[in-house]
Amino acid sequence: AITAFVVSDYLAVLWEPLERGWAEFLVGAAVIAYVARANVRGVPPRRFDRAALVVVADLVLQLVIVVLGLVLLADGDVLTHPATAGGSPSAGELLFAFTLALVAFAGIDASSGLAGEVAISRRGLKRLVGARVLAATVPYVGIGIVAVSALPVDTGLKGSDQNLIDAPVLGVVSAFEPEWLREPLRYIVAASAVGVLIIACNAAMLGLSRLGYSLALNRQIPSAIGRLHPSYSTPVVIIGAGALLALALIAPGDLEFLAGIYAFGATLAFTIVHLSIISLRYREPDRDRPYKMPWNVRIGRGEVPLPAAVGALASGGSFVAVLFVHSGARFVGLVWMAIGITLYVVYRRANGKPVFKRVTIPERALTRTVRPDAQYGSILVPVLGTALDDDIMQTAGRLSADERPDEGEGGAVIEALWVFAVPMALPLDARVPEAELKRARKALARAKAVGEEYDGVEVATATVRARAVGEAIVHEAKRRGVEAIVLAAEEPTRVRGGALLGGRTDGGRDAFVGETTRYVVTKASCRVILTAPPVLSD
């Protein structure tokens, strides 16, 4: 959101009205839509090569601006007496500025998302980390010094002057003299900034899609949210949701609001990352580490990396500062965290999964792309507590079995579901009789044992309460994003009219046939597979 929003401030070089109002929003929306579409279709590796060239060119351009700025604009008082040049900030402004300085280096950790796909030696990794830090530090420090000398300090700026604050590099170049140097540089900076901002927006969306897919894979959010596109194999639901949220965030047209929200998330994430590094030094002290942070102090059976300890304190303090000095970030950030945690806990509890233990599903459960040896990656099987359960679980197992489970690609998931039909005379949360609970547990345990006899198949069990069994099956199939439902077909009866005229009812289990079957077949959004009914003997 923040990268897409700022694009209009640099495009305003071509047409000044783009920096405000509906034009500003439409430019940001166009960038978000473009990035979302590109990520849904999949970003080819060659595009990253072109992006790298643009970023390197922009880095060179920034260094040129720093050199020119130091020659043409540098004010010695900025270094020796900064208060005279920029005024004395309040404690709150200082804390918020420190927080934004941390956010400015967020690109360093963004690179880690692709770390597993880069073939590089240990020595090369160390050089890469060092170069990345220098590449981020030198331009930021240099442009910071030049910007304080070039940009006006007045915070009440409006119109085009405010644009200098929203697009500071453009503001620095606009202060250059003579005109023959200033005007070409303004257009070059604008073009370079637009390209880099779109690349940064694409990188943010790529990181979001990877993170969301990982959360879905580890059952931390509903797996349906991590569903992959059937043709492009990209997490289309996550990308779409991210695009809509970004549009909502740029709607107020407040850059400081966006920066505050970004600072909230970045400082919290940095704190968790630093603490995780320290934790891993004790939980996995003998782990092979291609790159090990320097300056370690041995305490007990592990080592504490001092940079991580200092980083945890700095980023943790910055997170607290954001809560105190930025009301927008405080409200939106805390509400967002509350929604996320609630979603996680409710989802885990609803699926009978532990809240504090890792739970994963095979990757194939998130895609509708199937291999020749497995017709479905995820199947919902309502169990009945009868001998038919073995038959329908075996059918589901044959449809989803993976004959190559040792290739590290994961297997299929069968969701075994028991529906407690609660009559209208009772509240939906009424206590289930103990005998019925035992029957459900026994049936689900048997279904799990039968289903997991097939190679590469994982069986997840769950219970739900509902007024109508058919509606519950259709609802659960849609919520879980399964590819198929396997039902036990009705056993044929020779009595015309079925159960109403004395045909076989088999107790309450008739709810799984007849009307329920017809409802599921007509209402389900996925395929419904009926097992062949047993043949009655004469």
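Which residue is the bridge partner of I379 in β4? I414 is.

## Model and conventions

This is a predicted model: local features need pLDDT of at least 70, side-chain atom pairs count only at pLDDT 80 or more, and totals for chains, interfaces and linings use all residues. Residues are numbered from 1 along each chain as its sequence is written, and side-chain values use heavy atoms, without hydrogens or water.

Helices (H or I, at least four residues) and strands (E, at least two) are DSSP runs, numbered from the N terminus.

## The sheet

Five strands form an open, parallel sheet, ordered β5-β4-β3-β6-β7. β5 (457–466) and β7 (527–531) stand at the edges, each with a single partner strand, so one side of each lacks a neighbour in the sheet. The twist averages 25° from one strand to the next.

β3 (residues 378–382) and β4 (residues 412–421) pair in the parallel sense over five bridges; pairing requires at least two DSSP bridges between strands.

## Nonpolar cores

A nonpolar core joins buried Ala, Val, Leu, Ile, Met, Phe, Trp, Tyr and Cys residues through side-chain atoms within 4.5 Å. Buried means under 20% relative accessible area (1.4 Å probe, protein chains only). The largest core has 41 residues. Y10, I65, V172, F176 and V189 touch the most other members. Helix α11 (179–217) is one of those that supply at least two residues each. It gives the most, with nine residues.

Leaving aside neighbours within four places in sequence, F176 is in contact (heavy atoms within 4.5 Å) with I65, L68, G69, L72, L73, R182 and L185.

Definitions and conventions:
Axes fitted to C-alpha atoms, helices over the stretch in contact; angles between N-to-C directions. Buried < 20%, exposed > 50% of the residue type's maximum accessible area, 1.4 Å probe, protein only.
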